[in-house]
Amino acid sequence: MPKMKTKSSAKKRFRVRPGGTVKRGQAFKRHILTKKTTKNKRHLRGSVAVLETNMGHMAQMLPFAGL
């Protein structure tokens, strides 16, 4: 059997919180910000949790995270 490996892209983008939820950054805040409203950019600040429907994919990408 080959070794299980963590997806390198996932370990750079996600953090597992102590309660078992996964923290991720917001999308759409990197470039082309001039056409986005100030309110829209303000609501994209901070981090959010990964939805429960995507936790199966998280467990596959982060096998050693205990999800």
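Student: Which accessibility class does lysine 23 fall into?

Tutor: Lysine 23 has 34% relative accessibility, so it counts as partly exposed. This is a predicted model, in which local features need pLDDT of at least 70 and side-chain atom pairs count only at pLDDT 80 or more, while totals for chains, interfaces and linings use all residues. Residues are numbered from 1 along each chain as its sequence is written, and side-chain values use heavy atoms, with hydrogens and water left out.

Student: Where is lysine 23 found?

Tutor: Helices (H or I, at least four residues) and strands (E, at least two) are DSSP runs, numbered from the N terminus. Lysine 23 belongs to strand S2, which covers residues 22-25.

Student: What is the bridge partner of lysine 23 in S3?

Tutor: Two strands count as paired if DSSP finds at least two bridges between them. Alanine 49 is the partner of lysine 23 in S3, and arginine 24 faces valine 48 of that strand. S2 and S3 run antiparallel and are joined by three bridges.

Student: Which residues does lysine 23 touch, not counting those up to four places away in sequence?

Tutor: Contact means heavy atoms within 4.5 Å. With that exclusion, lysine 23 touches Arg13, Phe14, Arg15, Arg17, Ser47 and Val48. Serine 47 is 24 residues from lysine 23 in sequence, yet their C-alpha atoms are 6.6 Å apart. For the chain, taking contacts between residues at least 6 apart in sequence, 54% join residues at least 24 apart.

Student: In what order do the three strands form the sheet?

Tutor: The order is S1-S2-S3 in an open sheet with antiparallel pairing. Strand S1 (14-16) and strand S3 (47-49) are the edges, each pairing on one side only. On average, neighbouring strands are turned by 30 degrees against each other, direction ignored; the axes are lines fitted to C-alpha atoms, for helices over the stretch in contact, and angles run from 0 to 180 degrees between N-to-C directions.

Student: How many bridges pair S1 and S2?

Tutor: S1 and S2 pair over three bridges, in the antiparallel sense. Valine 16 stands opposite valine 22 of S2. Their hairpin has five residues between the strands, and glycine 20 takes a positive phi near 100 degrees there.

Student: Which residue other than glycine has a positive phi near 70 degrees?

Tutor: That is phenylalanine 28, in the loop between S2 and helix H2 (38-43). Its relative accessibility is 67%, so phenylalanine 28 counts as exposed. Isoleucine 32, in the loop between S2 and H2, also has a positive phi, near 55 degrees. At 47% relative accessibility, isoleucine 32 is classed as partly exposed.

Student: Which residues make up the largest nonpolar core?

Tutor: A nonpolar core is a set of buried Ala, Val, Leu, Ile, Met, Phe, Trp, Tyr and Cys residues joined through side-chain atoms within 4.5 Å. The largest here has seven: Ala10, Phe14, Val22, Val50, Met55, Met58 and Leu62. Leaving aside neighbours within four places in sequence, leucine 62 contacts Thr6, Ala10, Lys11, Phe14 and Val16. Buried residues are 12% of the 67 in the chain.

Student: In what order do the elements run from the N terminus?

Tutor: The order is α-β-β-α-β-α, with three helices and three strands. The C-alpha atoms fill a box of roughly 50 × 25 × 20 Å along the principal axes.

Note on methods:
Buried < 20%, exposed > 50% of the residue type's maximum accessible area, 1.4 Å probe, protein only.
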